[in-house]
Amino acid sequence: MNISQHERPPKHSKTRQPTEHEKILLVDDLNDNLLALEGLLRREDCEIITARSGTEALEFMLLHEFALALIDVQMPMMSGFELAELMRGASKTKNIPIIFVTATAEHQSFAFKGYESGAVDFLLKPLDTHAVKSKVNIFIELHRSQREQKQLLLKLTKTQAELEQAVLIRDEFMSIASHELKTPLTSLKLQAQLRKRNLAKGLPDAFTPERLAKMFSADERQLERITHLIDDMLDVSRISAGHLSLRLEQFDLGALVRDLVDRSSEHFVAAGCPVSVEAPEPVMGTWDRFRIEQVMMNLLTNAMRYGAGKSILVQVNYALDQARIVVSDHGQGIALANHERIFQKFERAVSGNEISGLGLGLYIVRQIVDAHHGSIQIVSELGQGAAFTVKLPGRESKMGAHHDV
Amino acid sequence: MTCKPIFIVEDDLEIRQSLQEFFEGDGYPVILANHGQSALDLLGSGSTAKPGLMFVDLMMPVMDGITFLAALQQTHATLFAETPIFIMSARADTQHLTIKTTGLVKKPFDLDELSNVAARYCTVK
């Protein structure tokens, strides 16, 4: 998945570009003729460019993409036909349709090898204004529809590539998700069968209060693992479908962080990563409490997972008018090359089969922060620990009561 | 009745412990490794008895199951040829595997199936 997909497109993504002007090239050695033709052909959706010689015309053809060239046959130095021959020789110019303007009818039988039928036409002087306009219109319309087709084809090719990529990612995701879900399930089923057998064998030692307590907390851990995985999967599907809605309320970010860290401190201390919080003043704002907790939990879990058993610091304060949370660890750090990648779906800093989780944590974090119109940044180098900075609109938050991503 | 050891390569601690409890409860000696590299190290050190059977997980950190089996085939050709090897996988098929193994036990496990496999290869009568 490429990076640009994470920069969400504007709500009303442009489906149709403003109509591009078709360009017409007029080539005649006489200025009066050029002026007369230009006056005749002038229309809002076309740009008319005039050239006084074949050489000048060729220069323009390299600069612009023309829907049509009207070329006077009888010109000094280079005749209209000679110009056409030269145009046929270059890839940029060989497909420009030509209308020759000529005084004699005999030219019409002139054979133009290499030109598609219909790509060359003739207008006889004196010009019939109606005939000129209708011929030019036909070429303009033709060029416009060709260009639209080309754009459609490009769009289709791009969509197809994206779809193919999406299928690949889905397959990989299914494989990782099933592995991740099967692991705690395997453990639970194994334990269930073992206990049944031990019970049947009448082993009294298998069910002492100590062992029972251990079993229950092991079961709880596995169930939490499964719940967490499913929550992540649901969040990602909500985000993909554009349904990550925020329930906004006003609260103190510092209090939320302190509370969250207090509740889970045991967990972090057990992992050897005690968390300290620096939140010197209330940081008020209007956010989704549950989602911001999720952001914090994800960042803290990451800091713990990659934190190499060292302490973690969380700072909550104002940065100008924005609320700022910084989560810093002293772990292995993240190489600069991976800074963007880790926020993408199904990515993790450690590659290959060192699988732990679905690789969705930071992706979800970024989506939640984006939904709050905030930003997330990482400062880290390999071996130097990592600091994630989340900034959210604070104080004068102008968010509505309900927001959809 | 004596039993040959069962060698288990599995990265998940709780699964490893449960399998150990199960097999030891049935009288089999159990050797544990938490990934392919530590399994290779263990076998290379010569400190372990020759296993009668191997259970190998596929997705593991440091060294996955397939890399481990390929390395085992290279460095311990006799052991690889003589030891029945069962893949432990959530996937039901083994066609995608590049290494030939004796069989597959599907996760989540069926303890009766594990018990039968162990009885067939590790019970010495």
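## A tour of chains A and B

Start where the two chains meet: the contact takes 17 residues from chain A and 15 residues from chain B. Keep in mind as you click around that this is a predicted model. Now colour chain B's side of the contact by residue type. You'll find 9 nonpolar residues, 5 charged ones and 1 polar one. Which helix gives the largest share of that side? Select residues 13-25 of chain B: this is helix α1, and it supplies 5 residues.

**Stop two: a strand in chain B**

Stay in chain B and select residues 53-57, which make up strand β4. Is this strand enclosed or open? All 5 of its 5 residues are buried, so the strand is largely enclosed by the rest of the structure. Show the side chains next. Leu53(B), Phe55(B) and Asp57(B) point one way, while Met54(B) and Val56(B) point the other way.

Strand β2 (residues 6-9) of chain B runs parallel to β4(B), joined by 4 bridges. Strand β5 (residues 85-89) of chain B is also parallel to β4(B), again with 4 bridges. Now zoom in on Val56(B): Val9(B) stands opposite this residue, and in β5(B) its bridge partner is Ile87(B).

**Stop three: the sheet in chain A**

Hop over to chain A and pick out an open sheet of 5 strands, in the order β7-β9-β10-β12-β11, with mixed pairing. Which strands sit at the edges? They are β7 (275-278) and β11 (375-380) of chain A, each pairing on one side only. On average, neighbouring strands here are turned by 15 degrees against each other, direction ignored. Look between β10(A) and β12(A), and you'll see antiparallel pairing over 7 bridges.

**Last stop: the cores**

Select Val295(A), Leu299(A), Leu300(A), Ile312(A) and Val327(A). These have the most contacts inside the largest nonpolar core, which has 37 residues. Among the elements giving two or more residues to this core are helices α6 (253-270) and α7 (289-305) and strand β9 (312-319) of chain A. Apart from this core lies another, of 32 residues, including Phe23(B), Val56(B), Phe68(B) and Ile87(B). In soluble globular proteins, nonpolar side chains tend to be buried together.

Finish on Ile312(A). Setting aside neighbours within four places in sequence, its contacts include Phe268(A), Leu300(A), Met304(A) and Val327(A).

Terms used: Residues are numbered from 1 along each chain as its sequence is written. Chains are lettered from A and ligands numbered from 1 in the order in which they are written. This is a predicted model: local features need pLDDT of at least 70, side-chain atom pairs count only at pLDDT 80 or more; totals for chains, interfaces and linings use all residues. A nonpolar core is a set of buried Ala, Val, Leu, Ile, Met, Phe, Trp, Tyr and Cys residues joined through C-beta atoms within 7 Å. A residue is buried if 20 or more other C-beta atoms lie within 10 Å of its own, exposed if 12 or fewer, and partly exposed in between; C-beta atoms are placed from the backbone. Two residues are in contact if their C-beta atoms, placed from the backbone, lie within 7 Å. Ala, Val, Leu, Ile, Met, Phe, Trp, Tyr, Cys and Pro count as nonpolar, Asp, Glu, Lys and Arg as charged, and the others, Gly among them, as polar. Two strands pair if DSSP finds at least two bridges between them. Axes are lines fitted to C-alpha atoms, for helices over the stretch in contact, and angles run from 0 to 180 degrees between N-to-C directions.
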